[in-house]
Amino acid sequence: MEQTLKITNVLSDPTRYHIYQYITKRHQEVTVQEIADNFNIHPNVARLHLSKLEDVNMLISETKKTGKGGRPSRLYRLSDEVIQLNFPFRDYQLLSRIAMESMIQLGEEGKKALYITGKKFGTEMIEQELSRIPNGTQLTFEQKLNSLKNAATMAGFYPEFEVNEDQTKIYFQIFNCPFREIAAEHAETVCNTHYEFLKGMFETLFNSVELVEKDNMIEGCSTCSYQAMVTN
């Protein structure tokens, strides 16, 4: 609870909140000067905001040479630590690990139930997004894509999407896995559950979906990436 209050206090500053949002969407390291330029603030003020975010483990930093000569720059990026902002505080990671381990101990039937749960969770995340759209609205492809982005972001995945010209293929990358700690011990089960979660999201929005995994963080890749072939 104490950590949650610290994080909430840090994010109560609007500029600091928007800086954090900027970094989550940037998907790469940022410098003090980049933040200063983008938010039209003095570098010392930018440094203060970044330091506050680092103090509560939302960011981490290291000093690197830029290759342009001169002094090394301090670069900031998202922390690997999963940030939880729940009132009252609830350790979803612990609950997830216990639930997964219990399901795994039940053998194949337990894993099957876990995958069904993952898919249902993905479906409900999208349905929550759709509930904000007036009933009877014929969704455009852009609205469906925005629903995917919003739901995936809410789930903590920090996604990035690309679409081909005829809108039949969606390529997307996930820059953060909320279940990374659990996946270290149960990689196959967690990744399969994650796959079903994504499938549930897509199948709620599109008439048909063929979802293919391309890259996986657990295998050493920088992101989890997928290609979805869809019909609107």
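Trainee: How do β4 and β5 pair, and over how many bridges?
Mentor: β4 and β5 run antiparallel and are joined by five bridges. Two strands count as paired if DSSP finds at least two bridges between them. Helices (H or I, at least four residues) and strands (E, at least two) are DSSP runs, numbered from the N terminus. This is a predicted model, where local features need pLDDT of at least 70, side-chain atom pairs count only at pLDDT 80 or more, and totals for chains, interfaces and linings use all residues. Residues are numbered from 1 along each chain as its sequence is written, and side-chain values use heavy atoms, with hydrogens and water left out.

Trainee: What holds paired strands together, in general?
Mentor: Backbone hydrogen bonds do, in either a parallel or an antiparallel arrangement.

Trainee: Back to the hairpin. Which residue there takes a positive phi?
Mentor: Q167 does, with a phi near 60 degrees; the hairpin of β4 and β5 has five residues between the strands.

Trainee: And which residue of β5 stands opposite E160?
Mentor: That is Q173. Q173 also stands opposite S225 in β7.

Trainee: How many bridges join β5 to β7?
Mentor: Six, and the two strands run antiparallel.

Trainee: Is Q227 buried or exposed?
Mentor: Q227 counts as buried because its relative accessibility is 19%. Buried means under 20% relative accessible area, exposed over 50%, and partly exposed in between (1.4 Å probe, protein chains only).

Trainee: What is Q227 in contact with?
Mentor: Leaving aside neighbours within four places in sequence, Q227 contacts K169, I170, Y171, E210, L211, V212 and K214. Contact means heavy atoms within 4.5 Å.

Trainee: Zooming out, what is the strand order in the sheet?
Mentor: The open sheet has four strands in the order β4-β5-β7-β6, with antiparallel pairing. β4 and β6 (208-215) are the edge strands, each pairing on one side only. From one strand to the next, the twist averages 20 degrees.

Trainee: Which helix packs on the sheet, and which strands does the helix touch?
Mentor: α7 packs there and touches β4, β5 and β7; its direction makes about 160 degrees with that of β4. Axes are lines fitted to C-alpha atoms, for helices over the stretch in contact, and angles run from 0 to 180 degrees between N-to-C directions.

Trainee: Which residues of α7 are buried?
Mentor: F141, K144, L145, S147, L148, A151 and A152. Seen down the axis of α7, they fall within an arc of 155 degrees (taken from the directions from the helix axis to the C-beta atoms), so they line one face of the helix. They pack against α6 (108-130), β4 (159-163), β5 (169-174), α9 (187-205) and β7 (224-231).

Trainee: What comes just after α7?
Mentor: G156, which takes a positive phi of about 90 degrees.

Trainee: New topic: where does S61 lie?
Mentor: S61 is in strand β2 (residues 59-64). At 17% relative accessibility, S61 counts as buried.

Trainee: Which side chains make polar contacts with the side chain of S61?
Mentor: The side chain of E54, at 2.8 Å, and that of R74, at 2.9 Å. A polar contact is a pair of N or O atoms within 3.5 Å; within protein, one must be able to donate a hydrogen and the other to accept it, and residues adjacent in sequence count only if both atoms are side-chain atoms.
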